[in-house]
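Hi,

Here is the structure I said I'd pass along.

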Amino acid sequence: MVSAAAIVITLLGAKLLAQLYLEHLNAKEVRKHSGQIPAAFQSTMDLATYTKAVGYTLAKNNFGRKQLIFDAVVLGVVLLSGFLPAFYDWFIAKFGTGILSEAAYLFAIGALISIPSLPWDWIEQFRLEDRFGFNTTNQKTWWMDRIKGSVLSLLLGYPLLLLILKLVDWMGSLWWLWAWAAVLSFQLLMVVLAPIIIMPLFNKFTPLPEGPLRDRLLRLGERTGFHSKTIQVMDGSKRSRHSNAFFTGFGKFRKIVLFDTLINQLAEIELEAVLAHEIGHYKKKHIPKMLVGSALGLLIAFFVIAQLANQPWFYRAFGFEPGSIVPALLLFSFLSGVVTFWFTPLSNLLSRRFEYEADAYAAKTMNDRDSLIGALRKLNEKNLSNLTPHPLYSGFYYSHPTLLERERALQS
């Protein structure tokens, strides 16, 4: 019989080798085009900026390879060392049986496993991003973000874990269906509450000042039937010079959010085009479609967990004794990524299709494709985006089409 160690090593190794190969392909492709600006952008980007973008991509590539190896080793050690069942036995002996302690165990493991990644996150922010001029945050803000995130995880995640474990007791063999409904309801509730309660804990949101830009964007909303409660500016520059725009919430809680960095980088007509793109996602019902896909994936996940929970060999393979649902929940959370990784090109394919549709909607709404193209070019330039990723790499990692692909679609 094949051992659990062999299965885990095979799954982790296959994923790691694939990821390292994709990084190698991407770096090779970027270097191949590093000597000269791609012909499509020679009239819109200077060589110094393009060279800096190439350097940024290769630096992230090198950093990413090291982190991938580190993460795979840490996960392998966690799964195969016997730490998880030993810590479980100690935790239950120390704090007693019951859902309160079992939920606390899951939360404690999540907290412990996040610690090894902290140095990598710090280096990425204060070394890599700082080296290329993107970092604008300070040590206090960075650490406070993580403290706030941990507190929120405890306040929101712990009660949800308690509910899931209680549903196992209440609902018998169909617990997974009720747990899915509970988690899905929680996620939908967070869509409404996050912009009202959670996001303001991390960023400052202020109404877009009255003036030509606000009038232009409000007219766009009226013209497209996208009635937003407010247009707000987020102080994204507090942490980074990267930029973005998005809308959050549903119904009367819906609001448009612009990064302050985005306002500083784009002309008014280009900002209007970016917002038209975001409205395109709304008008084409991309958000509900993505929510349905996410709900289906969540349902499959809970079904698989329920099946694994009925397999004594699965528990014993990792040193646990059958009985509690907790080991199945924990092991699934660690192992699911080595399987779902191989399906990411499919989800990215759908996401890129939505981006094309939103681009087309924006161009039609604006009666002008050049303003969106101009905005995309500026954003790619300011963010030092990789203009020449390897197709296989972008298939696995890019939820958006490349700049060249978007321009070709808009011009066709």
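A quick definition before the sheet: two strands count as paired if DSSP finds at least two bridges between them. Strands and helices here are DSSP runs numbered from the N terminus, with at least two residues (E) for a strand and at least four (H or I) for a helix. Bear in mind that this is a predicted model, where local features need pLDDT of at least 70, side-chain atom pairs count only at pLDDT 80 or more, and totals for chains, interfaces and linings use all residues. Residues are numbered from 1 along each chain as its sequence is written, and side-chain values use heavy atoms, with hydrogens and water left out.

**The sheet**

There is an open sheet of four strands in the order S1-S2-S4-S3, and its pairing is mixed. Strand S1 (205–207) and strand S3 (245–248) are the edge strands with a single partner each, so one side of each has no neighbour in the sheet. From one strand to the next, the twist averages 30 degrees (axes are lines fitted to C-alpha atoms, for helices over the stretch in contact, and angles between N-to-C directions run from 0 to 180 degrees).

In general, strands of a sheet pair through backbone hydrogen bonds, parallel or antiparallel. Strand S2 (residues 230–234) runs parallel to strand S4 (residues 255–259), with five bridges joining them; Ile-231 has Ile-256 as its bridge partner in S4. S3 and S4 run antiparallel and are joined by four bridges, and here Phe-246 is partnered with Val-257 of S4.

How enclosed is S4 by the rest of the structure? Largely, because five of its five residues are buried (buried is under 20% relative accessible area, exposed over 50%, partly exposed in between, with a 1.4 Å probe and protein chains only). Both faces of S4 are covered, with Lys-255, Val-257 and Phe-259 on one side and Ile-256 and Leu-258 on the other.

**The second largest pocket**

A pocket is an open set of points on a 1 Å grid over the protein atoms alone, with protein on both sides within 12 Å along at least five of seven lines; lining residues have an atom within 4 Å of a point. The second largest pocket holds about 590 Å³ of space, the volume being the space filled by probe spheres set on the points, which are joined across faces, edges and corners.

Its lining has 24 residues, and Gly-157, Leu-160, Leu-161, Ile-164 and Ser-333 lie nearest the centre. Two or more lining residues come from each of helix H4 (99–114), helix H6 (139–171), helix H7 (175–198), H11 and helix H13 (326–340). H6 gives the largest share, seven residues. By class, the lining has 19 nonpolar, five polar and no charged residues (Ala, Val, Leu, Ile, Met, Phe, Trp, Tyr, Cys and Pro count as nonpolar, Asp, Glu, Lys and Arg as charged, and the others, Gly among them, as polar).

**A few single residues**

Gly-293 sits in helix H11 (residues 286–308) and is partly exposed at 42% relative accessible area.

Two non-glycine residues have positive phi. Asn-367, near 55 degrees, is in the loop between helix H14 (344–366) and helix H15 (370–382) and is exposed at 70%. Leu-384, at about 50 degrees, is in the loop between H15 and helix H16 (391–397), but is buried at 5%.

Cheers

Technical notes. 1 Å grid on protein atoms, 1.4 Å probe; cavity = no way out; pocket = protein on both sides within 12 Å on 5 of 7 lines; lining within 4 Å.
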